[in-house]
Amino acid sequence: MNRKTSNVIICSLIFTCLMLTGCSEEDYLIRRGNREAEQSNYESAIKHYNEALKINPRNASTYYNRGNAWFNMGKMDNAISDYTKALELNSEHVNAYINRGITLSKKGNYELAIDDYTRALQVNPDNSSKVAIYFNRAYAWLNIGDHKRAIDDYTEAIRIEEVIKISPSEKAKTYYFRAEAWYEKGDSDSAISDYTKAIEINPHYAQAVFDRANTWHEKRDFASAIKDYEKAIELDPQNALVYNNYSALLSSCTDGKFRDGAKALKLAQKAVELNPHEALFLSALAGAYAELGNFKEAIRIQKKAISLLKKNNKELVIESLSEQLEFYKSSKPWREDVKREDWMRNYKIQGRQKEK
């Protein structure tokens, strides 16, 4: 059988399949695309959607599906373009609004994302994705600093979750993010209440335990903070930031009865072992040495931390660490009441934790 004859037979078989199943060539291509997407073969899925759109360039669902494939490939601009085209063809495509909102949010375009989530609720206020819409819109509000609206949307999501079936982990996550909104609003007590609720629902929620520890720490409830740091380490023993923050409490706490230089040193060493390239972890190690009276080592390590920050243009952080360095040069350990500074909100941990 030559190649030409083989191709004819293959095409004939496909045509027969379409006739027997009662679907058009467009339907066949869309189904193939969907199947490829389900198997994470996104490039292949897009090729099938492309062919389907050649046949029918006015199918909003095909643009929507192709947008999802682009999204999963990390091509956000392409995804937004396809979601937009889907909405031009069908202005009531709720999922296109939702997914375009998610994509815009990932790109940091939170105001536009909020518009899409709001439109999705207006088009179909009773749709099954209401929890996700309120949750995602709340996250966008939070990122533009509108804490009240964020809290309102998280509260509405929680209200809906009370009457529908939802996994405990998802329910706990909503309480956790509302806690974050309370914290950013400056209401630590409400934040702790929501962190606690999240942990009650999901006792293995390591991040909630850790953030509650940090909030206790800022409120000067050091005993509660220590208890939560210990639990956070138990739940997530590879999280260098937990060791770092716990070490900082034990070395710099303003209440002497909670300071423990020896343990602070071990914790800081563990943080640096997990991530030797993060300046703040080195600074905590310097603080532990200072608490133990080894100021020579504290000075050496603190200088190394500041040098790393200079390479990454972290001027505000350098100012903070330089102040600590002057204390060590004067043979004084560092003491502080911990609070979240503005620079901390956008600070990115450098390097990667070592794999275990």
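Q: What share of the contacts with a separation of 6 or more comes from residues 24 or more positions apart?
A: In the protein chain, 51% of those contacts join residues 24 or more positions apart. Contact means heavy atoms within 4.5 Å.

Q: And what kind of model is this?
A: A predicted one: local features need pLDDT of at least 70, side-chain atom pairs count only at pLDDT 80 or more, and totals for chains, interfaces and linings use all residues. Residues are numbered from 1 along each chain as its sequence is written, and side-chain values use heavy atoms, with hydrogens and water left out.

Q: What does the protein chain average in pLDDT?
A: It averages 90, and 89% of the residues score at least 70. pLDDT is the predictor's confidence in each residue, from 0 to 100.
Q: Which residues have a pLDDT below 50?
A: Residues 1–20 do. Beyond near neighbours in sequence, that stretch has seven contacts in the model.

Q: How many helices and strands are there?
A: The protein chain has 19 helices and zero strands. Both are DSSP runs, numbered from the N terminus: helices are H or I with at least four residues, strands are E with at least two.

Q: How much of the chain is buried?
A: Buried residues make up 46% of the 356 residues. Buried means under 20% relative accessible area, exposed over 50%, partly exposed in between (1.4 Å probe, protein chains only).

Q: On to rings. How many aromatic pairs are there?
A: The whole structure has twelve. Rings of Phe, Tyr and Trp (its six-membered ring) pair if their centres lie within 6.5 Å; planes under 30 degrees apart count as stacked, over 60 as edge-to-face and the rest as tilted.
Q: Why is the pair of Tyr 176 and Phe 177 edge-to-face?
A: Because the planes stand at 85°, with the ring centres 5.2 Å apart.
Q: Is Tyr 176 buried or exposed?
A: Buried, at a relative accessible area of 7%. Tyr 176 also forms a tilted pair with Tyr 195, 5.8 Å centre to centre and 45° between the planes.
Q: Where do those two sit?
A: Tyr 176 is in helix H10 (residues 168–185), and Tyr 195 is in helix H11 (residues 188–201). They are 19 residues apart, so the pair links distant parts of the chain.
Q: Which residues make up the ring cluster?
A: Ring pairs link Phe 135, Tyr 139, Tyr 154, Tyr 176, Phe 177, Tyr 195 and Tyr 205.

Q: Which residues of H11 are buried?
A: Ser 188, Ala 191, Ile 192, Asp 194, Tyr 195, Ala 198 and Ile 199. They cover an arc of only 165° around the axis, so they lie on the same side of H11. The arc is that of the directions from the helix axis to the C-beta atoms.
Q: What covers them?
A: The cover includes H10 and helix H12 (206–218).
Q: And which exposed residues are on the face turned away?
A: Asp 189 and Glu 200.

Q: What about H2, which residues are buried there?
A: In H2, Glu 26, Leu 29, Ile 30, Gly 33 and Glu 36 are buried. They fall within an arc of 125°, so they line one face of the helix. Helix H3 (42–55) and helix H4 (60–72) are among what covers them.
Q: What comes just after H2?
A: Ser 40, with a positive phi of about 65°.

Q: Last topic: where is Pro 276?
A: In the loop between helix H15 (261–274) and helix H16 (279–291). Pro 276 is partly exposed, with a relative accessible area of 28%.
Q: How far is Pro 276 from Gln 350?
A: They are 74 residues apart in sequence and 9.1 Å apart in space, C-alpha to C-alpha.
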